[in-house]
Amino acid sequence: MGGFRIVSPRHVPIFSFMKLCLARSLLRTFGLAWCGLALSAHAQVAPPTLRAQDQGWCYTRTGYVSGAFKLENQIAVLAGSRYAFVFGLKVNLDDKDPLHAEAMLRDGQVYAPVSFAGFLTLSSAPTVTPPPAYLRDRWIYDLPRPAYTPPASVRTIQVNGRPWVDLADVGQALGLHVFQDDSGLVSIGRKPDYDFTTHELTLHDSVVSLFDTPEKIADPKMALLYLPAPPPVTPAPKPTSIPRAAYNLGGFNFKLLGVTTPPPGVYPRLLFGPDDLAGFQQRVQQFKTMQMAVAEMQAMFRSSWWDPTTPDGKIFAKLVKGEPTDFTSEGHGAGIYSSNVNYPTNCLVSMALYCLLAADDEHGQQTANAICNYYKSIEPKLDEILASSANEFAFKPELAGYSTTQWKGMDELVSGLDLGLALDFGGHWMTPEQKDLMRRIISKATYGRRATPGNGLSHFVALAAIENLPGFDAEAYAADAELVQSFLDWGFDQRGQLTAEGTQAGNLQFQVLAMIVLARRGDNLWGHPHWRNFLNGVDIAATATDGGTYDSQTILEFHAFYPDNQTADRILSQRFPNFKPASLDLTIFSAQLANETAAHMRQLKLRLPGLSYPGFVSPVLYDTDWQPPALGE
């Protein structure tokens, strides 16, 4: 960190300043106390180790509280961070560009948007509604910003066409006391002797760590005093580069987006709303492939989850009643074949979707109860992870798979692939109390976290399920929405082929679902030129095998929204040469399914159709019939 410099009408005596500089230097170099300090826990910062969680140490459970308390009467920013603090409350530095605008260090001065400078005119903390206790250390407040016009004495620069001001100048112009040090920390208030004493060196580190964001650690070198490595972060996606004017939605099937998005708390809402359900039920009658998927779902549920004599049926009965039960994972020993998904929740999400399409309210209500009881059973573990600190994640082996701000790890605990759709489909039958339980689970699991492309966008789907409800993270939603568009820019080239960067995302199912969610809310990315070319120029012979980027699930969904795309017809016809949707006799097919046993379907590796199972399975809602290409095409 180095020494402190006070920019204020009244500043600490030079002797105190020199002592603080020397103390910090010795502490950083030798991990020792100085200036008469005993070798106390608050002075010994090396080597990194598992620390007491209740003493305010940086990156422990109480580090945030102790740091925020130091700022409770201050307006504070840190150069390089997009977070700021107003009387101890975390806010975005810039309400116009919350995801990107960071306090800027220029010629030794720290600049912030003039709109932020208005907070310096406040004489006391604004009245706020406190967040839920479980989100206290994560919460970002949206505070009214007082209007402010800087006087001529305040240095001003232009950033993206908007005025930014030197905060120290603003503080001095308002007669406030300004603290600034070489870490880039600027803290402004009415307390004339505000500084960090030699007893508060680790407290200063706790204050600096408050400015960590999910994308960047404020001071990685300082973090190494407390942790073996800086806390893991998720880099922000690359800026988008394709203008919207280049988008082309010609031939897009707008009907599949439904009519309107219902008000918050009304379900379903993500992919279709209550007013759209009848249209999808009619769609089942229109497409043979969709009829097949629904018939398969019914047969699988009847031979497993809805048969009380089977292991799945016994688990289902307990889940419906809320009784303790053991869950089968990874499909081992289960009635329906699966892999790489959480078996109970994957089945329950598809079950809820089936019940919506089949108007099966009896099983729908049972499924809603089972979903809620499943997630209620894991809430204690979720609370444990949410309460744990970066220090514990680093030093407790049982917590090594988790982090403070990443969706990775947390998604496994909460069955992230299913979480958002579990509320969306099952919410149709849930009581207000049950919906609030699911809202709370999603809020706890998603707030303040960042996702990666591919299946990581299950984070976005979960966020959208509680859009504008208490505990909804608008910043994370916006960050994920940027990620969806950025992936189209950089994950595909102009020919529609995956780039080296794009191949790392794996399956595209949640990219597709996120694009549908956004399109229903007026941000339609389906016309992106890279995405429009997704199947163009594909080596048809090379796609004869299902799986990977060009799995049949994604192609069917693409075909549903662009029904005139003949490349999809050619690929699907080649993959399934012995099946022509138009010639399917559903009566014969259903009779064959009626004679199937769960064991035989599992032996055939027949997977459960659904939207939360990435790849390999029918997407149900977006199943479409394909036409074999005519000779010469």
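How many salt bridges does the structure hold? There are 24 of them. Keep in mind as you go that this is a predicted model.

**Stop one: some charged pairs**

Start by selecting arginine 136 and aspartate 137. Their side chains form a salt bridge, with the closest N and O atoms 2.8 Å apart. Aspartate 137 is partly exposed, at 26% relative accessibility, and arginine 136 is also partly exposed, at 45%.

Now pick glutamate 215 and arginine 450. Here the salt bridge runs 3.0 Å from N to O. Are these two buried or exposed? Both glutamate 215 and arginine 450 are buried. Glutamate 215 sits in the loop between helix H5 (201-209) and helix H6 (220-223), while arginine 450 sits in the loop between helix H15 (432-446) and helix H16 (458-465), so this pair ties together parts that are 235 residues apart in sequence.

Next, select lysine 238 and glutamate 501, whose salt bridge has its closest N and O atoms 3.2 Å apart. Lysine 238 belongs to the loop between H6 and H7 and glutamate 501 to helix H18 (residues 500-503), so the parts tied together here are 263 residues apart in sequence. Glutamate 501 counts as partly exposed at 39% relative accessibility, and so does lysine 238 at 41%.

**Stop two: the nonpolar core**

Which residues touch the most other members of the largest nonpolar core? Select Leu271 and Trp305: they hold that spot in a core of 122 residues. Then colour helix H10 (residues 343-358), which gives the most to this core, with 11 residues.

Zoom in on tryptophan 305 and show what surrounds it. Leaving aside residues up to four places away in sequence, tryptophan 305 touches a list that includes Met300, Phe316, Leu319, Ile336, Tyr343, Pro344 and Met351. Asp312 and Gly313 are also among its contacts.

Select helix H7 (residues 277-286) and show its side chains. Which of its residues are buried? They are Leu277, Phe280, Arg283 and Val284. These residues cover an arc of only 110° around the axis, so they lie on the same side of H7.

**Last stop: a sheet**

Finish with a cartoon view of the open sheet, where 4 strands run in the order E5-E6-E8-E7 with antiparallel pairing. At the edges are strand E5 (104-106) and strand E7 (156-159), each pairing on one side only. From one strand to the next, the twist averages 40°.

For a closer look, select E5 together with strand E6 (residues 109-113). This antiparallel pair is joined over 3 bridges. Pick methionine 104, and opposite it you'll find tyrosine 111 in E6.

Definitions and conventions. Residues numbered from 1 in each chain as written. Predicted model: local features only at pLDDT ≥ 70, side-chain atom pairs only at ≥ 80, totals over all residues. Heavy atoms only, no water. Core = buried A, V, L, I, M, F, W, Y, C linked by side-chain atoms within 4.5 Å. Buried < 20%, exposed > 50% of the residue type's maximum accessible area, 1.4 Å probe, protein only. Helix = DSSP H or I, 4+ residues; strand = E, 2+ residues; numbered from the N terminus. Contact = heavy atoms within 4.5 Å. Arc of directions from axis to C-beta. Pairing = 2+ DSSP bridges. Axes fitted to C-alpha atoms, helices over the stretch in contact; angles between N-to-C directions. Salt bridge = Lys/Arg side-chain N within 4 Å of Asp/Glu carboxyl O.
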